[in-house]
Amino acid sequence: MIKTNIYFSGWIKKEVDILKYRRGIAGLHFFVAVGAIIGGIPAIFNPINPMGMPDDALINGPFTSFLIPGLFLFFVLGCTNFVAGMMTIRQLPLYYYVNMLMGFILCMWIIIQCYVLWGIVFLHVLFFAIGLVQIWLGFREWQRVR
């Protein structure tokens with residue numbers, strides 16, 4: 001079992017099992033991927049009214065239907081988060097950068113979505129927090145391996 005020291009808040013040191021740490025990061029990627037794919041499929045196949053969402057919800061955005069946001073959700077946030085999770089498990093080169101990038105993209109998606117829909121619900125807060133955690137964990141992993 002490989003262990004490392006992780007510093008929390010600069011002064012609390014805790015020994016963490018690296019495999020569990022990577023599985024946690026990958027688990028977040030898979031969770032986001034599943035949510036994005038489940039949300040993207042209805043928007044692709046029914047871009048006018050996906051899952052009961054009226055198209056007038058896009059009044060603040062550049063789109064008249066949910067097709068483009070659905071494609072982005074499915075491919076960029078869904079498939080790419082799945083790939084990032086696999087990269088993390090397999091420790092492929094630069095996986096920690098991909099972790100940070102996917103967290104940043106998720107946070108930007110949530111900010112833009114809240115602006116376009118002109119509202120904030122619990123899932124926005126949850127996924128924004130997950131994006132921040134992805135960025136933080138990717139940064140911590142980058143610090144550990146360099």
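How many disulfides does the structure hold? The structure holds zero disulfides, a disulfide being a pair of cysteine sulfur atoms within 2.5 Å. The model is predicted, so that local features need pLDDT of at least 70 and side-chain atom pairs count only at pLDDT 80 or more, whereas totals for chains, interfaces and linings use all residues. Residues are numbered from 1 along each chain as its sequence is written, and side-chain values use heavy atoms, with hydrogens and water left out.

C79 counts as partly exposed because its relative accessibility is 28%. C107, at 5% relative accessibility, counts as buried.

A search of the whole structure finds two salt bridges, each defined as a side-chain nitrogen of Lys or Arg within 4 Å of a carboxyl oxygen of Asp or Glu. In one of them, the side chains of R22 and E141 meet at 3.1 Å, N to O. R22 lies in helix α1 (residues 18–45) and E141 in helix α4, so this pair ties together parts that are 119 residues apart in sequence. Helices (H or I, at least four residues) and strands (E, at least two) are DSSP runs, numbered from the N terminus. Both R22 and E141 are buried, and the relative accessibility of E141 is 0%. E141 also forms a salt bridge with R144, where the closest N and O atoms are 3.1 Å apart. E141 and R144 are separated by about one helical turn, because they are three residues apart in helix α4. R144 is partly exposed, with a relative accessible area of 28%. Salt bridges that share partners join R22, E141 and R144 into one network.

R140 also lies in helix α4, which spans residues 122–145. R140 is buried yet has no salt bridge. The nearest side chain of opposite charge to R140 is that of E141, 9.6 Å away; in this assignment Lys and Arg count as positive and Asp and Glu as negative, while His and the chain ends are not counted. The side chain of R140 instead makes a polar contact with the side chain of Q143, at 3.1 Å. A polar contact is a pair of N or O atoms within 3.5 Å; within protein, one must be able to donate a hydrogen and the other to accept it, and residues adjacent in sequence count only if both atoms are side-chain atoms.

S65 lies in the loop between α1 and α2 and is buried, with a relative accessible area of 17%. The side chain of S65 reaches the backbone nitrogen of L67 at 3.4 Å. T88, found in helix α2, is buried at a relative accessible area of 0%. The C-alpha atoms of T88 and G138 are separated by 9.6 Å, although the two residues are 50 apart along the chain.

The largest pocket has a volume of about 880 Å³. Pockets were located on a 1 Å grid over the protein atoms alone, as open sets of points where a 1.4 Å probe fits, with protein on both sides within 12 Å along at least five of seven lines. Grid points are joined across faces, edges and corners, and a volume is the space filled by probe spheres set on the points. The largest pocket is lined by 32 residues, of which L73, W109, Q113, L117 and H124 lie nearest its centre; lining residues have an atom within 4 Å of a point. The elements that give two or more residues to this lining are α1, α2 (67–90), α3 (95–117) and α4. The largest share, nine residues, comes from α3.

Conventions: Buried < 20%, exposed > 50% of the residue type's maximum accessible area, 1.4 Å probe, protein only.
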